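Here's a quick briefing for anyone meeting this structure for the first time. Have a look at it, then read on.

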Amino acid sequence: MSQPRTAIVTGAARGIGAAVAKRLARDGFKVAVIDLDEASCADTVDAIEAEGGTAMAVGADVSKSDQVDAAVAKVAEALGAPTVLVNNAGILRDNLIFKMTDDDWDAVMNVHLRGSFLMTRAVQRHQTEQRYGRIVNLSSTSALGNRGQANYATAKAGLQGFTKTLAIELGKFGVTANAIAPGFIETEMTAATAARMGVSFEDFKTGAAAMIPVGRIGNPDDIAATASFLVSEEAGFVSGQVIYVAGGPKD
């Protein structure tokens, strides 16, 4: 029996999320593009439709359970049962620990951790019903610790534990769960980090590339290619893994 081919990608208006959404559409999935503001998803949806794919934009705050449940129900009705979920939505609120506010901490936890939990809880109902599913959570090399990112590093490390637990709980339903931990990827988010540090983005990228064994920084398509494999039917024996896509060894 062929599996339902509907995927949800959160934080898909731009950057890594947009690249993943476009790649999964090319792979033959109908893709729900979820972001905070539905209008901001238009570029990703248009790009998918221009290539002959099927996509829909959905506005939702992934940290709010009522919005998540409504969004997933809307996707299931319009595109069919979502059996693939990519939890990519994320924000930065970088600061050194002595300057970090309660809001800086809570905002990052709410989007990355609570958001991934709420989305997964809503989608797994469809996956377990279909007895098939693929979950991919976006972690980061920052999970290993990164100056100025106590909140972000904690959230990204937490997603790795979340991923491994999902793999254990959902495996018997034909659902796999894996995490991708990107290294330095050229996105608006890394450009914002350079600006915050008072460094030109070009210098920031050059400096980063010099420290990466393969001699270059990553791009969103590098992450999308890994996600494409992890959500494929062939990847059914890969579960509970954290794959560092960082141009060199990390652990």
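This is a predicted model: local features need pLDDT of at least 70, side-chain atom pairs count only at pLDDT 80 or more; totals for chains, interfaces and linings use all residues.

A residue counts as buried when its relative accessible area is under 20%, exposed when over 50%, and partly exposed in between (1.4 Å probe, protein chains only). Residues are numbered from 1 along each chain as its sequence is written, and side-chain values use heavy atoms, with hydrogens and water left out.

**Overall build**
- The chain has eight helices and seven strands, counted as DSSP runs (helices: H or I, at least four residues; strands: E, at least two) and numbered from the N terminus.
- Its radius of gyration, taken over C-alpha atoms, is 17 Å, close to the 18 Å from the globule rule (2.2 Å times the number of residues to the power 0.38), so the chain is as compact as a globular protein of that length.
- Along its principal axes, the C-alpha trace spans about 50 × 35 × 35 Å.
- Take the contacts (heavy atoms within 4.5 Å) between residues at least 6 apart in sequence: 70% of them join residues at least 24 apart.

**Helix α1**
- Buried residues in α1 include Ile-16, Val-20 and Leu-24.
- After α1 comes Gly-28, with a positive phi near 105 degrees.
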